[in-house]
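Here is a short briefing on one protein structure. Keep the sequence and the 3D view open as you read.

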Amino acid sequence: MDHKTILVGALSVMWIGATAVGPRPAEADEQNCIVAMNKAAEKVARAQGKENYRCVRAATKGAESAPAACLSADTSGRVQARRDKTVTTAAARCEPAPSFGYSSPAVVNDNAATEDAAVVFDVFGDDLDAALLGGIEPERARCQAAVVRAAEKILAAKLTTFRTCKKAGLAAGTIVDTTTLRSCFNAVASDGAGKISPAVAALETALSSKCEAVSVDAAFPGDCAGSGDFAACIERHIECRACRTLDSVDSLSEDCDLFDDAIANASCQTPPAPTTTTTTLGSTTTTTLAGALTYPIADTEQSSCYNNSSVIAAPSAAQAFYGQDAQYAGNQPSYTLSADGLTVHDNVSGLTWQRSPDTDGNGSLTYADKLLYSQALTRPATMNAANYGGYGDWRLPTLEELYSLILFSGAEASETSSVGAIPFINTDYFGFAYGFTSSGERVLDSQWVTTTLYVANPDQMFGVNFADGRIKGYPASDAVGKKYFVICVRSNPGYGANSFADNGDGTITDEATDLMWAQADSATGLNWSEALAWVQTRNAANYLGHNDWRLPNPKELHSIVDYTRSPDTTGSAAINPMFIVTTITNEAGQLDYPSYWTGTTLVGTGPSPYRRGVYVSFGRTLGYMNGSWIDVHGAGAQRAEFKDGDPADYPPGFGPQGDAIRIFNYVRCVRDAGA
């Protein structure tokens, strides 16, 4: 008996038990939404599948030099058009949302496209450039293109089969909730509609007719190389991708590791196959892969370009302000909401999060949900005792883990108003609230707890503020009375750990993030536009043997902060000592270490919204308070300040904590190590 027969039997038992429960049938408008979202997922996946085929075919002909980057480029615009259609369909048919079988348009779009693109990596392995030998072996090229086309049709057939089952069950009143909806996995496993077997036969035909003179293992060096039955192996991988897509789109909880081959063998686990990081600089496009990394970094989602004070059109390589964050697309944030709505899986980092800091569980966020730091420390034990979300291994996040969620598509709230503000976290997936002014807080008081204490002051906790887009040191002592939002995390316990390698040529590679860093910094302070230009002069000179350096974004730069180090405890910058760090004299006259610019802009709100440059401190982060300069925020803080001007105009600092204004910060270049 094969694995599908076993699975069909198990699902049939589940189906019989579920139909006896008898919740009310879905109303017509609910049915329309539920079915429409599946159809939207199919269309996004089909559009991505066509892009996959186009990219692979072009690469095999020598017409595409970066096939991995091509998968996410969407040069035809078809994928984006389908994504846009998903959003408009959801707005027209899914308000109010049905009680089951629906996630959100963002989940539909992200997961349908991601899982479809992942099929290509399943087939060819992580290194597409090596696998697709364009223009060299015509027979191999025909074979590769034919197999990709056939694989895409199998995935499409599986998604269609599930939708067909769902539509019929909703209309007949036999699908009335999540449990009965999951029975449609039965239809996929058994191919009840007869749509999948012809697609599988087409793959076998492609292998026999297009690949007869080709070594299949050499042409497809992915997970199925050497499997002995390439077609069956590929179908199992597609089974996994279909299951993961349907789980996310319909908010289901099918165990996809069992669904693909009926064996708990980790063959279909999160995160998915490698995601692509695409970097375009001048005429050079490079790509790295994040799927196998232990510390993959999600993009900031900053999409606009800026000068010192305003939004501008994206500058060209010859223009000022070229090379900023919005001109690089990294691993795009991607999340999967659990079927019970309690947890969110980050598909990039591999971390699973408590969805909301709703501590009392009443469905809304109030001041009562906030905790003192000592109370936060006991929170994981409470959640583990309750087996929250079905898990018993919750923990408080480290700063690296929590900061993985920050997005610089946000706009900062002020102390007194959230008008025009946008949270620095994805609120489609995570619960969020600004400060509670009725309880004496400021509007921007949305600080979230981590376990990372400042090594120079253990009464200071590094937290993330998702209302103002910063990392600062906050009081960890209960005596101060400061309360915080708290969410717990689980899985991927190694996230945030670096794996540095000194390449012996002035560069250092972090094998955990797949980023390569210049070992030395700029050795002089620069304003923001000068910092961007300085990187381009290095590219023109092929600095350290490379011409694709960039100013890092905050999440990239933050990844090399070492929170076990500080000027006051180790006499060093907060960074691994293999890096060379220029010393400075700070505002208090102390030997210190600089802050470094990122290519990212922090956006403000109000009558005169500002555009400040984001930086990360590797030395003390000073403020002028009570008549003297003190280390207010700590080595490793992330803030933002004016992009140009004269620091002498701010002798007592700036803002309520007298933040030191330097303007002339330093630069450390980064590039994709796999480029």
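Glu51 is buried, with a relative accessible area of 1%. Buried means under 20% relative accessible area, exposed means over 50%, and partly exposed lies in between (1.4 Å probe, protein chains only). The model is predicted, so local features need pLDDT of at least 70 and side-chain atom pairs count only at pLDDT 80 or more, while totals for chains, interfaces and linings use all residues. Residues are numbered from 1 along each chain as its sequence is written, and side-chain values use heavy atoms, with hydrogens and water left out.

- A salt bridge is a side-chain nitrogen of Lys or Arg within 4 Å of a carboxyl oxygen of Asp or Glu.
- The whole structure holds 26 salt bridges.
- One of them pairs Glu51 with Arg54, and their closest N and O atoms are 3.2 Å apart.
- Both residues sit in helix H2, three residues apart, which is about one turn of the helix.
- Helices (H or I, at least four residues) and strands (E, at least two) are DSSP runs, numbered from the N terminus.
- Arg54 is partly exposed, at 29% relative accessibility.

**Salt bridges across the chain**

- Which residue forms a salt bridge with Arg241? The partner is Asp122, with 2.9 Å between the closest N and O atoms.
- Arg241 lies in helix H12 (residues 230–249) and Asp122 in helix H5 (residues 105–124), so this pair ties together parts that are 119 residues apart in sequence.
- Arg241 is buried, at 6% relative accessibility.
- Asp122 is buried too, at 4%.
- Glu115, Asp122, Arg241 and Arg244 are linked in a network of salt bridges.
- The side chains of Glu239 and Lys158 also meet in a salt bridge, at 2.5 Å from N to O.
- This pair links distant parts of the chain: Glu239 is in helix H12 and Lys158 is in helix H7, 81 residues apart.
- Are Glu239 and Lys158 buried or exposed? Both are buried.

**A polar contact**

- The side chains of Thr160 and Glu42 are joined by a polar contact of 2.8 Å.
- A polar contact is a pair of N or O atoms within 3.5 Å; within protein, one must be able to donate a hydrogen and the other to accept it, and residues adjacent in sequence count only if both atoms are side-chain atoms.
- Thr160 belongs to helix H7 (residues 138–172).
- Thr160 counts as buried, with 10% relative accessibility.

**Charged surface patches**

- Patches are made of residues with over 30% relative accessible area and no salt bridge; like charges are joined within 9 Å, and nonpolar side chains (Val, Leu, Ile, Met, Phe, Trp, Tyr) within 5 Å.
- Lys and Arg count as positive, Asp and Glu as negative; His and the chain ends are not counted.
- A patch of positive charge gathers Lys39, Lys43, Arg46, Lys50, Arg78, Arg82, Lys85, Arg93 and Lys167 on the surface.
- Helix H2 (28–60) and helix H4 (78–93) are the elements that give two or more residues to the positive patch.
- Lys50 is in helix H2 and counts as exposed, at 55% relative accessibility.
- Asp126, Asp127, Asp129 and Asp223 form a negative surface patch.
- Asp129 is in helix H6 (residues 128–131) and is partly exposed, with a relative accessible area of 45%.

**Backbone features**

- Most residues other than glycine have a negative phi, and most peptide bonds are trans.
- Where is the cis peptide bond that joins Glu95 to the next residue? The bond runs from Glu95 to Pro96, with omega about 0°.
- Pro96 lies in the loop between H4 and H5.
- Asp74 has a positive phi, near 50°, and is a residue other than glycine.
- Asp74 lies in the loop between helix H3 (67–73) and H4, and is buried at 17% relative accessibility.
- Ser251 has a positive phi as well, near 55°.
- Ser251 is in the loop between H12 and helix H13 (256–261), and is buried with a relative accessible area of 9%.

**A spacing to look up**

- Arg379 is in helix H14 (residues 373–385) and is buried, with a relative accessible area of 12%.
- Arg379 and Ala456 are 77 residues apart in sequence and 26 Å apart in space, C-alpha to C-alpha.

How values were computed
Areas by Shrake-Rupley, 256 points an atom, 1.4 Å probe, with all protein chains shown as cover. Charge placed at Lys NZ, Arg CZ, Asp CG, Glu CD.
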